[in-house]
Amino acid sequence: MFAYVVRRVAIGVVLLFVMSFVTFLMFFSGPDPAKFTCGKNCTPELIEQNRKALGYDKPWPVAWANFVTGIFTGRDYPNDPELKQTHPELIARCDAPCLGYSHLVNATVWSTMKQKIPVSASLALAAFVMWIIMGVAAGVIAALRKGSLVDRGIVGVALIFYAFPTFFIGLFLYQYVSLKWGWTPVPAYTPLKDSPGLWLQGLLLPGLTLALFYAAGYVRLTRTFVLESLSEDYLRTARAKGLAPGRVLVKHTMRAALTPIVTIAGVDLAGLLGGAIITETVFNYDGLGKLAFNSILDLPMTVGIVMLLSAFVIAANIVVDCLYAVIDPRVKVA
Amino acid sequence: MTAETISVSSAREGSEGPLLSVRDLSVHFPTEDGLVKAVDGMSFDLAAGKTLGIVGESGSGKSVTSQAILGLHRGTRAQVTGEILLRGDDLLLLPDEELRALRGREIAMVFQDPLSALHPYYSVGNQIMEAYRVHHHASKAVARTRTIDMLDRVGIPNPAKRVDQYPHEFSGGMRQRAMIAMALINDPGLLIADEPTTALDVTVQAQILDLMKDLQREFGSAIILITHDLGVVARMADDVMVMYGGKAVEKGTILDVFYRPKHPYTMGLLKSMPRLDAVRRAALDPIPGNPPSLINLPTGCAFHPRCPYRTDVPGDRCRAEVPELYRVGHGQEARCFLTASDRTRLEFLGAGRVESLDDSAFRPHESGEPA
């Protein structure tokens, strides 16, 4: 098992390496990357200045090598030892892990992202809990009542939520449920350590917005997996043993049906940890998603966010793989 | 409805009544295409410690019968009627809870494919222990000891280690041994084995059958052996019931049915079986046609479209009238209009048309002479 984990992590590191390379290839082999470092008020002088400061004047493979080195050692912007001697105040120091420096916000990418992570993580977690409960419960009920009105109703409603764009559901909840009808306070983010109650309250509507969309997909997934499991021969064995229906359902059906959902849920959660662009923008949540949205003309920040998101997804895959090896005995860990 | 011969009270008191008595059992499934009569009016008795073989083609109602006995059709759309008396209690009338208490304890089942019948996510030991603990208030340690003991008795080597392994780590034969251990752990009075060797290698089949025979002697369980394999029945069973189109077409002791078959379908089955001792007949003789649709059974005798003797029964009776199970010998019954004199005549005239197994087995010396 230990060797299995080590191997998974090693593969994950290689993947991240490849991912950073592809990201650089994508962003830097196109038209002048320095144009996307100063937002809307770019002047030719500013572009030239940023190009030198960020090291974009070098060929992109070199820029990539510097980026990767910077993650481990930190780096200076601009990397100019002479200038450091004469005018140290003009040098921006970016400590490890250095994911870049944004001249638009005059801060390192990592220090900016670091503040946003708790917001996005809270939102992702709240949505995750809600969608797993709603999606799996509804999916199980639909499967057990297959063909009935209940089943058709659940599948139909799921389809509706799946089809509606997130911004529509988000705006609807914000405008009507909160502002017009006043059922909930206007959602705003409160850090968990300040007030757990307000933290939870603020996450309700934005979490629900995301959860409704994801739950709709999980209803169908769960329903399919449960139905598949219900038709298995080993359930007949379980009933033939004289087990109570509840035990057959929980121990024998659910174990088999929900195991594959763990895999999908883990990766979905990781994807959300990197920020929900639309939901965060609609509810004005200052998370990674909104940062990504606002950083479209800020290349160093965009690269940093892409790298962080990749890291989340790769890490989640490793966790899910290891978890799977524990919950499914057929997975060979040797 | 010739069923009400055994009164409930007497069967319950004495051990002389049969362990299992099925009376006029029917299992019908309503479908969009019509009513599927998977089992239609079946009756049989099984004494404690005896083995009944149920033989038939796919779709003849064998497996449906076994699942009806366990009550596995409850809560589905299947319509089950008749009586299934276990020691005099009608299982069809028992409340769910009481029937569940019997499942696995009094009636246990071994299924066809042990890989799909075992849960892939739980260890073999866990699943066997569960079967024990659901019927006994036993600690995990006690159940585990008993499980290891059972695995040992069904011939699984190194049971103390095997108990913690998962089904995919077992070979096919070992899995079926584990299934048998699970079925026998509560010492059931009745074991239903539904095609227990069909999914196994030929070399393993014989081992499993021998094991079941040995354990039957040891535990004294009655066995219902469901199979399409006449060889398996010949090896295992005391009595045989041949099914066709949801009905029993012939019943009797193994010797009677195999050596003196009275129903044309049974004769056909026996002739379509390869025999090592029949030198004379090189080609097999399959039954022409296909098994009938259970929704639209042929009128009259369900077998008549495939029967070579339907013209020997006067007045097109086979097409017009459903035959009953007629007594054709001591303890032998056949669902066929042919009379004893018909059979003698046909055997005489037909030059081997009615050719039972013992004939073909003993005739080689007549024709085996080189010209």
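The model is predicted, and local features need pLDDT of at least 70, side-chain atom pairs count only at pLDDT 80 or more, while totals for chains, interfaces and linings use all residues. Residues are numbered from 1 along each chain as its sequence is written, and chains are lettered from A and ligands numbered from 1 in the order in which they are written.

**Chain A**

Select chain A. Its C-alpha atoms fill a box of roughly 85 × 60 × 40 Å along the principal axes. Chain A has 13 helices and four strands; these are DSSP runs, numbered from the N terminus, with helices being H or I of at least four residues and strands E of at least two. Of its 334 residues, 37% count as buried (20 or more other C-beta atoms within 10 Å of the residue's own, with C-beta atoms placed from the backbone).

Next, colour residues 2-110 as domain 1 of chain A and 113-294 as domain 2 of chain A; such bounds come from an automatic or database domain assignment. The centres of these two domains, taken over C-alpha atoms, are 36 Å apart.

**Helices α6 and α8 of chain A**

Select residues 149-163 (α6) and 196-230 (α8) of chain A, which pack at an angle of about 140° with axes 8 Å apart. Axes are lines fitted to C-alpha atoms, for helices over the stretch in contact, and angles run from 0 to 180 degrees between N-to-C directions.

Show side chains where they touch: α6(A) contributes residues including A:Ile154 and A:Phe161, and α8(A) residues including A:Leu212 and A:Arg220. Contact here means C-beta atoms, placed from the backbone, within 7 Å. The residues of this contact divide into nine nonpolar, one polar and one charged. Ala, Val, Leu, Ile, Met, Phe, Trp, Tyr, Cys and Pro count as nonpolar, Asp, Glu, Lys and Arg as charged, and the others, Gly among them, as polar.

**Where chain B meets chain A**

Now show both chains. The contact takes 22 residues from chain B and 17 from chain A. On chain B, select α3 (96-102), α4 (114-117) and α5 (124-133), each of which supplies at least two residues of the side that touches chain A. That side of chain B has 12 nonpolar, five polar and five charged residues.

How values were computed. Two residues are in contact if their C-beta atoms, placed from the backbone, lie within 7 Å. A residue is buried if 20 or more other C-beta atoms lie within 10 Å of its own, exposed if 12 or fewer, and partly exposed in between; C-beta atoms are placed from the backbone.
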